[in-house]
Amino acid sequence: MKWSDILRLTVFAGAVALAAGCSDDKTEYSTEVAFRDGDGTYVLPAAGGAHDVTFYSQCGHWEIAVPEGVGEWLDVWPLFGDDNGKTTFKVARLERAYDRTATLDIVTERGVVGQIRVRQQGAAPEMRFDLLSNHIRADYQGTPVVVNVTANFDWEADIRPAAGEGPVTWLTLGETTPTSQQFLFADNTGQPKRECTVRFRMTGGTHYVDLPVTQRAGDNVYERAEHITVAELLDKVSLDGSGAWEIEDNYAVDGWVISDFRHKNLPDSVLWVQDGSGRGLKLLLKDKQDFLDPPADRAGWYDCGSHLSLHVCGLEFRRDAEGNLAICDFPASVVMARGEEPASRLAVARPDFSDLDKWVNTLVAVDPVEFVFTYGCYTNYWEVAAQSIDKVEELWKNDVPAAYKATYTDFHLYPQLLRDRTGRIAKALFSCDFTQALSKNVPAGRGALRGIVTMFGGEPVIQLRDSDDDKLPATGDRTATTLVKGGPWRDVTRTEAAFEAGNDGGDRTQIVFSLRNSVWENDGIAPQSSVDGTKITSGMYWLSAAIRYDHAKKYAASDENRYLSLNAMNWWNGTGSVLSNVHDSGEGFILRTNALRNATGDLWLSFSTTSSLGGPGELKIQWAESDAEDLTGVAFADVATYDAPVLDYTPYLMPYSVRLPDAMKGKENVVILFRCASKVNAKRGGEVVATGTNRLGSIEIVEIK
């Protein structure tokens, strides 16, 4: 700062002091400090942040007084100094839609000599209802409706008539809480459909949200409803531009409950119903407690196998977040009766997975199928203390980037791969809450499997209701013939990865990492960390049901129960590589085998993988025919790309199965690469780092004729 500026500030401070008197008994605020960047008023956004404050003073020692309660959202440091001062204040994120303010006094022995005034702008107003359609649809009988409200502002509701209508007398507002609003309807028997709007107004602001309300026509009573099949109802659905279709005709549907709440492998906010037409309905429940804990006169109505009659007039079809067509905001009041008809042979028999997308929301039975990986139980989470479900959920709330969530949508669902008689692959999803997840080991034989088909992640998947849907034998014949099989590994003393198949008799199979040095001469993957970072690492992924139960989740400390996976680091810009980096690709695991030399059928490669936070996130499979040790001059062909999750965020090994090119059949010297395809790390929040790791939990190549 120039001497002239200092002199000017000194004169200014002196003038202020004279004007105020600078008396020892001063009790009122006066300006005896000058702020470098204004008058001491600062405005920060709702997202939070920090701001440096510099002021000039000749009043000696000063302290900043923080009012009670302000410290919960505003932090100031330092809080004291002498004469000229500099401090920094930080404000936390503000979720509410209202501004908040604080005045911080700068206090000296003379009293308050200045003030720092902070205003944090409120967040944008947001309001959500527990309605998928954002539309209240009431029955004609007048059953009260409660809508749960999530808002970052205080609100008041009022009723507004439809255009051209008089005052609304058939709807009143019932109990109101900060998070809910009850609606009371008059009986509408014999009357036409009626509509209005409820406006939720922001208290102390101008923002508002309108919620349309419709009460079903009272002449469309259940007793006069036309009963049609599920298939007939689905054929009538024609979604409009907003993605909705209201059932305006007086229809009823009769069918059996095919879902199950008890074993918790299906969401408890959904009910599936299927009839003899071989089609199912997905019902997204308005209030799941009405179905999970029904009144005594409806006890057992919503159990799997119950026969129900549904009055669906006035309800609305939409697609859920995964693209499944469903009736949304389904109320218990439209379940009119429970029949006694037994549910026999409801499952639609399918010979393979070729047309699963045509049977969405339908219970199917596919025969024969087999599990691709026959290790462990239905769910094989890495269940160590640091990876508890609660801790992983906390990471998803506070740490997981949006780009990662876009790739891996839900760690609560564990994917098992299924193979049909033709080799096609489909996923079976098992919830981490499934009460029978550890009830038995994954069966190794092939047989019939039942489940509800639903869309998830853009593809049709199968969800079992309970373990009885799995009719596969524990052992027996399989569709696929195993040619190469390595892992899951158990022996930590080995200096290279062993293969159960593909490495005996005349077969030779080996897997190594593409970096080599004096410690590891490209002849195996060492069980301990080495200079190049390759090792066999411990994990608890595929433990049997007996071990999981016997050890009461303390098995992680038992070496004899650990499974191992191949682990490596230095995936990008490594030195001493036997691969060429000129094509902007990184390092990789190198699988060499001659076990495909007699193959004539379709070849499938299956494997499981995960990465550390800084490990590779985008990888690819390549292949070539070569017996060269140095592969820098070998041209590799791309087979497939795949993503590696972060073990911290998705606590299991992600399974994959890909069809290998026909050109690999009958080849004597096959080289397959599991290769880093880009610099993007597994967290999707930066680049691959040298210490970032990727691991393979198992590898198989099978032939299907």
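## Terms and model

A residue is called buried under 20% relative accessible area, exposed over 50%, and partly exposed in between, with a 1.4 Å probe and protein chains only. The model is predicted: local features need pLDDT of at least 70, side-chain atom pairs count only at pLDDT 80 or more, and totals for chains, interfaces and linings use all residues. Residues are numbered from 1 along each chain as its sequence is written, and side-chain values use heavy atoms, with hydrogens and water left out.

## The chain as a whole

The chain contains 6 helices and 43 strands; these are DSSP runs (helices H or I, at least four residues; strands E, at least two), numbered from the N terminus. Of its 705 residues, 52% count as buried.

Contact means heavy atoms within 4.5 Å. Among contacts between residues at least 6 apart in sequence, 72% join residues at least 24 apart.

## An exposed residue: Glu 248

Glu 248 belongs to the loop between strand S19 (245-246) and strand S20 (251-257). Its relative accessible area is 56%, and therefore Glu 248 is exposed.

## A buried residue: Phe 430

Phe 430 is part of strand S30 (residues 425-431). This residue counts as buried because its relative accessibility is 0%.

Leaving aside residues up to four places away in sequence, Phe 430 touches several residues, including Asn 265, Phe 371, Tyr 414 and Leu 464. Phe 430 and Leu 266 stand 164 residues apart in sequence, and 8.5 Å separates them in space, C-alpha to C-alpha.
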